[in-house]
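Work through the exercises below with the sequence and the model side by side. Try each task before reading its solution.

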Amino acid sequence: MNAIIAGAGLGGLCAAAGLRRAGVRVLVLERDTGLVSRPQGYRININLTGDAALRACLPESHFALYRETAHRQVDASVDIFGTDLKHLLHRTSDGSGSEPAPSAVDRATLRAILLDAAKLDAARLDAKDVRFGCEVVDVNSCAEGVEVHLSDGSRLRTDLLVAADGAHSALRRRLLPGKDPEPLGTVAIYGRAPLDPAALTWLPRGVIDQRFVGVTDAAGTTLALGAWYPRRVPAEAASERAPRLKLPPTDPYVMWVLLAPAEAVPGSEARPETLHRFALAAVSGWEPAATRFVRDANVSDTFRITLRAMTSVPSWATGRVTFLGDAIHAMSPAGGEGANTALADAASLVSFLQADGLVGLAAYERDLRERAQAALDRSVNYGRAAAPVVPTHV
């Protein structure tokens, strides 16, 4: 079987790695020019579902590398504080199973691990099985399968096309018009500050030990803090587990995310300096210890995302084009559900195709709709403006 995956995000690359292990010839096409051509986030919580999906799709060496470069989290609990640092709430893990929720990862590090695992042949470092700067814009059925149209006018034929091209999916807009995610009325401003363990003493248990810490005011403006302090130095772990892989040089950090009403936040063209000034002003009356990571941030790393989500998973006719991840079930990243659901999509797709070939697509799509709808329902309030709910995953 031949397959083309449109999109080299976490879900698309995870699917590519799993399908390659299952013997499928895969080509990944990504519209961005490279892995870090635009800001997409820093720290991502990986829950039990996402961890199981990575285990199913990755070679043992790359799964071990993902685990070793994850945050050294002690438990999956969450503490919520008021702006005066009065303790408001303690939440234990909401995962299931006998083991604790695994931890958090650095997005760029995990994506590099997935990209390496998705390559066709470890000996062919110049293999073109993952191509950047290639946007899929349309698809037509043909006698041999499907004909995939690229933005440069070229066309490719394949047995199966997987649309994993994100929340702004060109393929979803082409095949399912009117099914775009809707704005939630909230903007998330992301930033990060260098991790200095001595700066964490104001917390009873610290952002290093826990899944994340939240600080929130009465109006619903929320500052979420989460550390990435990997169990091993990534470069050292990669030299042992996947010697050809050069992971991006990233020092430990604390990610901060400010959730605020969209109408109050500078627009999408705002520069990092403008967004950082806004974040500082938004928390200016809070206890200084609660906002020190915003003050100490690397200003150039600041960016914003308008939170969008679907209310339900669309239906489509089963054929030789299927969907995966945010392309079909976009949800608020503040809820921490999107990435893990996309990884679960990848593992599910691999499992059904491996068992039944293209006939298994119908079962995969039923499974996707059920899982993704449950995730959408869980995340529905995470990013809404002025909501008193602090996200349980960052």
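Keep in mind that the model is predicted.

**Exercise 1. Classify the two partners of the Glu273–Arg271 salt bridge: buried, partly exposed or exposed?**

Step 1. Check the contact. The side chains of Glu273 and Arg271 meet at 3.5 Å, N to O. The cut-off for a salt bridge is within 4 Å, so the pair qualifies.

Step 2. Take Glu273. Its relative accessible area is 33%.

Step 3. Take Arg271. Its relative accessibility is 54%. Exposed means over 50%, so Arg271 counts as exposed.

**Exercise 2. Where in the chain do Arg378 and Glu337 lie, and is each buried, partly exposed or exposed?**

Step 1. Find the contact. A salt bridge joins the side chains of Arg378 and Glu337, with N to O at 2.9 Å.

Step 2. Place the residues. Arg378 belongs to helix 12, residues 361–379. Glu337 sits in the loop between helix 10 (326–329) and helix 11 (338–356). The two are 41 residues apart, and the pair links distant parts of the chain.

Step 3. Compare accessibility. Arg378 has a relative accessible area of 44% and is partly exposed. Glu337 is at 5%. Buried means under 20%, so Glu337 counts as buried.

**Exercise 3. How many residues separate Asp367 and Arg371 in helix 12?**

Step 1. Start from the bridge. The side chains of Asp367 and Arg371 form a salt bridge at 2.8 Å, N to O.

Step 2. Read the spacing. Both residues lie in helix 12, 4 residues apart, or about one turn of the helix.

Step 3. Asp367 is partly exposed at 24%. Arg371 is also partly exposed, at 22%.

Step 4. The model has 16 salt bridges.

**Exercise 4. Which way does strand 12 run against strand 16 and against strand 15?**

Step 1. Pair strand 12 (residues 182–194) with strand 16 (residues 303–309). They run antiparallel and are joined by 6 bridges. One check in strand 16 is Phe303, the bridge partner of Tyr190.

Step 2. Pair strand 12 with strand 15 (residues 253–261). This pair is also antiparallel, with 9 bridges. Here Arg192 stands opposite Met255 of strand 15.

Step 3. Conclude. Strand 12 runs antiparallel to strand 16 and antiparallel to strand 15.

Technical notes:
Residues are numbered from 1 along each chain as its sequence is written. This is a predicted model: local features need pLDDT of at least 70, side-chain atom pairs count only at pLDDT 80 or more; totals for chains, interfaces and linings use all residues. Side-chain values use heavy atoms; hydrogens and water are left out. Buried means under 20% relative accessible area, exposed over 50%, partly exposed in between (1.4 Å probe, protein chains only). Two strands pair if DSSP finds at least two bridges between them.
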